[in-house]
Structures are given as C-alpha cells and as structure tokens.
Amino acid sequence: MSPAVEERHETRDTDLGDEELRVRLSKTWGSARGLIGILSTVDHKIIGIRYAVTAFVFLLAGGIMAIMMRLQLARPDSHLVDAELYNQLFTMHGTTMMFLFGVPVGEAFAVYLVPLMVGTRNIAFPRLNAFSYYVYLFGGLMLWGGFALSIRPDVGWFSYVPLANLNFTPGKGPDYWAQMITFTEVAALAVSVEIVVTILKQRAPGMTLDRIPLFVWTMLVHSFIIIFAMPAIMLASSMLIMERLVGTQFFNPDAGGDPLLWQHLFWFFGHPEVYIIFLPGTAFVSAIVATFSRRPVFGYLPMVLSLIAIGFLSFGLWVHHMFVTGLPEIGAAFFTASSMAIAIPNGVQIFCWIATLWDGKPVLKTPLIFVLGFFFIFVAGGLSGVMLASVPIDTQVHDTYFVVAHFHYVLIGGTVFPLVAAVYYWFPKVTGRLMDERLGKWQFFLAFTGFNITFFPMHLLGLHGMPRRVYTYPAETGWGGLNLLASAGALLFFASFLLMLYNMIASARSGALAGDNPWGADTLEWATSSPPQPQNFDRIPCVTSASPLWDQGDDKAVVGGLKVDERELVVTSLTEARPDIREESPAPSIWPFLAALATAAAFIGSIYSPWAITWGSPVVAILLVAWFWPKTIEENV
C-alpha cells in the first residue's frame, strides 16, 4: 500500500474543519453516477425513497382497481365488467394493497428515517437493504406483468383452498400470486432484520432505551412482528405452489390433508399483518402529535408498553377470522377474549395522544389535521372490530359488506390517514421544500368526506344482507341507492390522492424552501440538512435527552475519531448505548442487484417447472459469493 493511500485512510474527523469534513465525507459516502452507480447504491435514503415511490405507484394501481369495482357495483344488474374480470380485479386490488403497498410503505419510512433518528450514518446490512428492494420490485412487476399478459389470479387476496387448488383453478394466476407472496415477504423479513439491528446496535451514544423516539420503538416492535409472522405465509404459499406444481396433498382431505390448515397458516400471519400495516401509522402519529403540540408525548412508558403488548397480543387473534368454520366453543371464547383485550393497549395510545394535545399548544398544520381525522375514523373502525369479536354478531355479518366496511375503517383510517400526514410532515426532509398548505387542507376535506361517504354505507349494506365478493346484485334487493352513494364517495376519495400527487410534484419543483427543521421538531433527523447529506451526520451526535433538539440546544456533544475516507460508523451497547467499536459499513455494490435478478428468474421459472429452482440456485449462490467476497483496502479505494 502506498504511503499516500495509508495517510488518507488514517485521516480522522477530528483532524478537519467542518466544511472540509463535509466535503470529504460526502465523497466517501456518496453514490457513483451512471446506471451502474444507480443500481449499486446502498444509501438507505435513496433506497427508502425507492421503496416509497414504488409503493405509491402500487397504491395508485390498486386504487384504480377499486374504482372499477365500485363503478360496477354502482347500479344493480350492471354489466360494466363480467364476473371473471371482477374476481380478477378484486384479487389484484386486495393483493396489491396488502402486500405491495401496506407493508412496504411502512418499511419505506423506517428505512429512510430510523438511521437518521438514531443518529447513525447508514442502516445495518446496507447491501441486504438494496437486495430487499429489488426483490420487492421484481415481485410486484411479476404479478402486474402477469396481469397485463392475462395471467391473472382470481381467487381473492386470501387465495383460499380448495378454490385455489389446481382442479378448481387450472391457470397460472394463483402460481404467480403464490410466488409474489414469497418475493414480498423475503423483502419484508430482510428489512426487519436491518431495522432491528440498526436500532439495537447503532444508536447514537447516550440514546438509552428510555430516550429512543416513540417512532423508533414502534418500528422495532413492527419489525419483530414481521420476523415472527411472515414465515407462516411464506410456508403457506410454498405449500400451495407445491400442491399445484408437484402434486403434494397438504390441503386435500381425501389424502389426509385439511383445507383449514391453509386458513390457520394464512391468518396466523393475516391478523398480525393488520398490525404490521397499522403500527407505522401510530409511529407517524406519535411524531406528529409531539411536534405540533410542542411537548413530548404524554405517558412515554405506557406508550412503549402498549406497543409491546400489541406485538404479543396480535399473535393471539387469528382464529377470530374463522368463527364460522365450526370451532369448539372454548376456542371461540378464548379468541373472543383476546380480540377484545387488544383494544386496551390501542385505547391507551389514543388517550395518551389526546392528553398530549390537551396539555400542549396544538398548531393546526396539514399533518396534524390528518391525524385528527385518523382519531375519528380509527376509533369508529375499532368499535366495529369489538362488535366482530363477538361470535354471534360475527356469525351473522361475517360474509357481508359490514366486514368490508370495518377493515377499511381500520386499515385506511389507521394507516392511510397517518401516512398522508407523514408525507406532508417529512416531505421537507426529503426534498428541502414544503408542500402547499392550502392544497393539503383541500385534500383532507376531499379524503375525509369521500372516505366516510364510501365506507359508512357499507355497514348498512352488510346489515341489510349484501354479501361480500359479489360482482352484481338484483334491483329488488334495494341496495342500489347505498351502492351508488358509496361509489360516488370512492371517486371523491380517489380524487384526493390525485390532488396530493399534484401537490407533491409542484412543491418539489417550486415549493417554499423549508430549512433544516421547519416544524421545530425534537428528533435527530431534523438535526441534519434537508435533504440530508450522503453521510447523514458530519459528526455523530451524543444524546442526553429523549427530545435532544428541544433540550440540548445548539451546544451538542459529538463523537470523534472516525475515519474520513472509509465508511466507518459507531456500534454501541444494547441498553445504555455506550460506544463499543468502530465498524466499517459496506460500500456500494452491483452484486445485490444481480443476486435479486437471479433470484427472480429462478422463482418465476419455478412457476412453470420445479427444475428452475435446481438450476437457478447455483447461479444465485455464485452471485452471493461475489457479494460477500472480502475486498482489500486498495480495492475499496
């Protein structure tokens, strides 16, 4: 190694002034230009933005499917689409919203914000992070590419057997659905491992467990739920495709299988999935309520304990989706009790947020207005959820539009309204510009009004006996008026997102400059420039408070001694966040992209022949060896 190279590698941040340090670190942590540079980047911020943009594209696609279904149901005896296409639209809408939007969009915010909030320069396992995004992207493209080529799943987003078995659905649509599940869950599991390690081992020195932002606590619980829940659906989808391709009999009662096994495996994932989708919304609410109330969230410890309780209780609810399958009464009673019990920690969170607003000085900006809309809609959805936890009520309305109304109130109210609030809140962090407040308030009016006009009438339709999953209905049922009202509301609700899209594009181009911390927030992501530099922090901060930007003022302690020309970050102890070691963060690499491409090719090929896994696995293994092959210092320079 030449002396010049050695000297450059020994340069520490304590040797340089602020401006020179920023320039040198930006070069060290930056991404290369050109196509190879774009595909090789491991910057968590770039990958987080890619996750978010891709998820919002899928949201728009799923929303278009919903509009087509609502137009079909707007009038009785409609022939806008036939039964076959309606089933395909219904399947694609639910699958897209649950697997390609609901989970990835929460992880997108976690990937972007958690490293900034805990005061580190990159996410743990950054190459795995890049790999996870490409796997998610290829899985979504595979499903929608199949739809464009008329290879369309039509068995619902839950793909119940025996309907999804080969003898009832002989096409390749369910196989594409099953492999898409594997794609997206591999990506989700990878991101969850990265988030857990980042939070537990890369927190800024001094950020003890009682100083972690509630957003970060929520994402930690969220990641653990994914780690324990996702393997169930991956196992189920693998069993389904093996049943269809190689003739296993897991779900065939004539050969000793059981179709209820599918429901148990699916819903053991499926009800934690509700909280996997919902918990990021609570993370957004905690951050926004604290900022716009000008005080920390009331009841930090009860909030954290409630999050942990939700994480545990979410795994004890899955059978309440199966009350009409002939369960023993004692089993139904247990799951009724657990379904009602989870309302307690959710209620604690609601009351803590309300107490924060009550004791603070709320500033009614667009993010907080959407949070207030979330309170109304989510509580309404929670109340109908408690009703459905009762076996007699659930038995009567299980397959009606009452259930459709309930889970949209919970999922849209609990996830989408906080998500829109989060977009307005963190848009300045990503772009350096503020979104238009006037358009934001108009969007809230359209969204809140359109949502309630769409889904509240569905409660009444369900109580009047309208079944779920039907593509049309006769005029003499009397359901036409409420369906027409719901369809009009859906158009209004969809228009609100087109307005948000316009607001985002216009504001990114010419919105008001935001500055580094336009909201006066208290967490570390606002201690950096907006948008952040590639290295996040020129000097790693030290934390002495749960609200460092409010309590520590401008005189903030920092960590010194990190190399400038190598990607070094600080690893800290688990509980007290004491600096343990300096660790090198992996550099950009093309191998994660190539490994994801080879994985996608193997999985897509396996839809048509099981031998594709046999021939594809060695290729993936070779690419993984190249990915992890140790590099010398000269090769990294």
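The legends below describe close-up views of a predicted model. Residues are numbered from 1 along each chain as its sequence is written. Because the model is predicted, local features need pLDDT of at least 70 and side-chain atom pairs count only at pLDDT 80 or more, while totals for chains, interfaces and linings use all residues; side-chain values use heavy atoms, with hydrogens and water left out.

**View 1. Glu107, a buried residue without a salt bridge.** Glu107 lies in helix α5, residues 83-118, where helices are DSSP runs of H or I of at least four residues, strands are runs of E of at least two, and both are numbered from the N terminus. Glu107 is buried, a term for under 20% relative accessible area, with exposed meaning over 50% and partly exposed in between (1.4 Å probe, protein chains only). Leaving aside neighbours within four places in sequence, Glu107 is in contact with Ala187, Ala188, Val191, Ser192, His222 and Ile226, contact meaning heavy atoms within 4.5 Å.

**View 2. The hairpin of strands β3 and β4.** Strand β3 (residues 568-572) and strand β4 (residues 579-584) run antiparallel and are joined by five bridges, strands being paired if DSSP finds at least two bridges between them. Leu569 stands opposite Glu583 in β4. Six residues lie between the two strands, and Ala577 in the turn has a positive phi of about 55°.

**View 3. Trp144 and Phe147 in helix α6.** A search of the whole structure finds 61 aromatic pairs, defined as rings of Phe, Tyr and Trp (its six-membered ring) with centres within 6.5 Å, where planes under 30 degrees apart count as stacked, over 60 as edge-to-face and the rest as tilted. Trp144 and Phe147 form a tilted pair, 5.6 Å centre to centre with 55° between the planes. Because these two residues are three apart in helix α6 (residues 126-148), about one helical turn separates them. Trp144 is buried at 18% relative accessible area, and Phe147 is buried at 11%.

**View 4. Tyr176 and Tyr608, an edge-to-face pair.** The ring centres are 6.3 Å apart, with 80° between the planes. The pair links distant parts of the chain, 432 residues apart: Tyr176 is in helix α7 (residues 173-201), and Tyr608 is in the loop between α19 (591-606) and α20 (611-628). Tyr176 is buried, with a relative accessible area of 8%, whereas Tyr608 is partly exposed at 46%.

Key:
Lys, Arg positive; Asp, Glu negative; His and termini not counted. Salt bridge = Lys/Arg side-chain N within 4 Å of Asp/Glu carboxyl O.
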